[in-house]
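Open the model in your viewer and keep the selection panel at hand. The stops below are given in the order in which to select them.

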Amino acid sequence: MARRKILSLSSARERNIIKRLQRFTVEVPSWGYANTGTRFGKFFQDAAAVDLADKLEDAGVTHGCTGICPTVAVHVLWDFPNGFDASVIRLAKRNGVKIGAINPNVFQDQRYKYGSVTNQDAAIRRQALDHIVDSIEIGRKTRSQYLSLWFADGANYPGQGDIRRRKAWATAALKEAHARMPRNMTMLLEYKPFEPATYFTDFFDWGSSYVFCKAIGRQAKVLVDTGHHLPGCNIEQIVAWLIDEKMLGGFHFNDRKYADDDLTVGSIDPYQAFRIFNEIFAYEAEVGKDLDIAYMIDQSHNIKPKVEAMVQTVCTVQTLVAKALCVDRKALAMAQKREDVVGAEEVLRAAFDTDVTPLLKAVRKALGVPADPLKAYRASGYERRVARQRRAKRKELGLTEGPLRRRKPG
Ligand code: PSV
Ligand code: MN
């Protein structure tokens, strides 16, 4: 059985782990702070963000507690419904964060019923491309490193669309977008096997994103959303291949049980997230430098309080990163060489079973954040305060979304 290890923090190896943890950051999504839910409805929360200012405030609090999420991904149409206003850059700064990945939205307009960049109508493809180019311009102003693309394009019925022509249209549009990007911007191309399309999606798996990226240009890379795979898929193998091909652009972390459930990272299968991080740190150990990839969270909670859920998620990611950094690479290599199958697996399990609390304490001390971020956040009274403020704000704006008041019994 794998033994539970307690780290002493005295060795050079442990000091290196702490340093790597200090450099590790993960981006939060603005949409994780708003009232969101399933297609069957939303359960509204008073404390949920009303607008981008609230989202940035929540992101600032998340970063303040954890010290490792200095950037916020934005979804253009959700966050800038009246157009982009450069004052958000200052607003973000005031909250101690920066604008991160820019996510265009080419899936909500009625004209995209039969596709956006894959639509047979050239005018609709142009509309989608124009929006992506506008998003690139926003990214230029906010100095964002990433343009993050997800397409709902697909078909619901066999025979509905010409698969190869759609592929060609998407490639042409994204090549054009790529040509408009600043040199320091990376285009992240996400995939998803189904939903909302049910027969096929045009960007359906890592292979399709890889093929698109290769055709689009050097600044296009694959984005792995951990919730976007068919059951049983070996995600860490995909990650290892993409690393090896220098095509891994970033992650959208979340967990899933049945489909794209948007569950909290590690709530269902923490060992899978650990195995993904293990592939990343195995490569970093081999080449002696950090991989340049975007670590991002993509979760929208219908039930959990938003900021609490985000702090919990960020801490879970950090814990799993710490565990993956504890893998004894030399012992693993030796076990693999000897074909010691049980021994090799035990090396991984020992790392996964390591109590990383002392490591996390040391890292948080160095970052100047509370030793227990979730506890500190809960004790801060932030949620109660913003619930009051945002209730009043909704009333003033005439917004009806808000939880039903509990009736007094009897
Ligand atoms: C689609 O399911 C997705 O994963 C994309 O990343 C979107 O941008 C995001 O979710 C919206 O919630
Ligand atoms: Mn995603």
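Select helices α10 (residues 306–325) and α14 (residues 373–380); helices (H or I, at least four residues) and strands (E, at least two) are DSSP runs, numbered from the N terminus. The two helices pack at an angle of about 165°, with their axes 9 Å apart. Axes are lines fitted to C-alpha atoms, for helices over the stretch in contact, and angles run from 0 to 180 degrees between N-to-C directions. The angle therefore makes α10 roughly antiparallel to α14 (under 35 degrees counts as roughly parallel, over 145 as roughly antiparallel, 65 to 115 as roughly perpendicular and the rest as oblique).

This is a predicted model, in which local features need pLDDT of at least 70 and side-chain atom pairs count only at pLDDT 80 or more, while totals for chains, interfaces and linings use all residues. Residues are numbered from 1 along each chain as its sequence is written, and chains are lettered from A and ligands numbered from 1 in the order in which they are written.

Now show the residues where the helices meet: Val 307, Glu 308, Val 311, Gln 312 and Cys 315 in α10, and Pro 373, Leu 374, Tyr 377 and Arg 378 in α14. Contact here requires C-beta atoms, placed from the backbone, within 7 Å. The residues of this contact divide into 6 nonpolar, 1 polar and 2 charged (Ala, Val, Leu, Ile, Met, Phe, Trp, Tyr, Cys and Pro count as nonpolar, Asp, Glu, Lys and Arg as charged, and the others, Gly among them, as polar).

Next, go to Ser 116, in the loop between β3 (98–103) and α5 (122–142). Is Ser 116 buried or exposed? Ser 116 is buried, because 27 other C-beta atoms lie within 10 Å; 20 or more make a residue buried, 12 or fewer exposed, and numbers in between partly exposed. Its contacts beyond four places in sequence include Val 106, Phe 107 and Phe 151.

The last stops are backbone features. Most residues other than glycine have a negative phi, and most peptide bonds are trans.

- Glu 195 and Pro 196: a cis peptide bond joins them, with omega about 0°.
- Asp 262: phi is positive, about 60°, and the residue sits in the loop between β9 (248–253) and α9 (270–287).
- Glu 339: phi is positive, about 55°; with 8 C-beta neighbours inside 10 Å, Glu 339 counts as exposed.

Key. Contact = placed C-beta atoms within 7 Å.
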